[in-house]
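Here is a short briefing on one protein chain.

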Amino acid sequence: MPPRSANASRKTGETDISVSVQVDGSGKSDISTGVGFFDHMLDQLSRHSLIDMTVKAKGDLHIDDHHTVEDIGIALGQALAKALGERRGIMRYASIDLAMDETLTRAAIDVSGRPFLVWNVAFSSPKIGTFDTELVREFFQALAQNAGITLHVTNHYGANNHHIAETCFKAVARALRFALESDPRQPHAVPSTKGSLKG
């Protein structure tokens, strides 16, 4: 499998973002978004997917974190889509139930070329510190849409909102890791009877 890496950038009146990914990495990250909790979540996404990530962002945080979080999801999704190309040789599907203390969350992924998000996660508070909990969904919506993946995330149970959010990122990371692994039985084939995973 050839090296799978790509860059993406997004500059608007609200944000200025640059992203790079190395799919076959070791989980190294260099994250600076100006949103501390989100930096922590992106570190988890990189570490547990083994995708090396650099994310640099300047956004209109004097308004709120929404534009920054959503636009990073867009740019990161675009970079992943570029890095994966025709999606040859990948396992394509993966799912995992991920536990963290009292919390259990499932992520299921189809690297299908068809973007779709099913989100069955509820938070008991609108904030984790200063971070809006609704932005967790906004990030994954933007990521799935721009990476061209079908993503289902379900929180089975949990009491601590930090744990619920973190298990979402970790579960998606682990599912991505498995779905993007090389399939030794068909290392050069597109895993679809259509012969294409471009939507």
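Accessible areas come from the Shrake-Rupley method with a 1.4 Å probe. By that method, the chain exposes about 9,000 Å². Carbon and sulfur atoms supply 48% of this area. Keep in mind that this is a predicted model.

**Overall build**

- The chain has 199 residues, and a compact globule of that length would have a radius of gyration near 16 Å. The chain has 16 Å, so the two agree.
- Along the principal axes, the C-alpha atoms fill a box of roughly 45 × 40 × 30 Å.
- Of the 199 residues, 51% count as buried.
- Take the contacts between residues at least 6 apart in sequence: 77% of them join residues at least 24 apart.

**Helices and strands**

- Four helices and ten strands make up the chain's elements.
- Starting at the N terminus, their order is β-β-β-α-β-α-β-β-β-β-β-α-β-α.
- Strand E3 covers residues 29-32, and strand E4 covers residues 52-59. The two strands pair in the parallel sense, over four bridges.
- Opposite Val55 in E4 stands Ile31.
- From E3 the chain crosses through H1 to E4. This β-α-β crossover is left-handed.

**Aromatic rings**

- How many aromatic pairs does the structure hold? It holds seven.
- The Phe38 and Phe131 pair links distant parts of the chain, 93 residues apart. Phe38 lies in helix H1 (residues 36-49), and Phe131 lies in strand E9 (residues 131-132).
- Both Phe38 and Phe131 are buried.
- Phe139 and Phe140 also form an aromatic pair, with 5.1 Å from centre to centre. Their planes are at 70°, and the pair is edge-to-face.
- Is Phe139 buried or exposed? Its relative accessibility is 0%, so Phe139 counts as buried.
- Phe140 is buried too, with a relative accessible area of 0%.
- Which residues do ring pairs link into a cluster? They are Phe37, Phe38, Trp119, Phe131, Phe139, Phe140 and Phe169.

Terms used
Residues are numbered from 1 along each chain as its sequence is written. This is a predicted model: local features need pLDDT of at least 70, side-chain atom pairs count only at pLDDT 80 or more; totals for chains, interfaces and linings use all residues. Side-chain values use heavy atoms; hydrogens and water are left out. Rings of Phe, Tyr and Trp (its six-membered ring) pair if their centres lie within 6.5 Å; planes under 30 degrees apart count as stacked, over 60 as edge-to-face and the rest as tilted. Buried means under 20% relative accessible area, exposed over 50%, partly exposed in between (1.4 Å probe, protein chains only). Two strands pair if DSSP finds at least two bridges between them. A crossover is right-handed if, with the strands pointing away from the viewer, the path from the first strand over the helix to the second runs clockwise. The radius of gyration is taken over C-alpha atoms; the globule rule is 2.2 Å times the number of residues to the power 0.38. Contact means heavy atoms within 4.5 Å.
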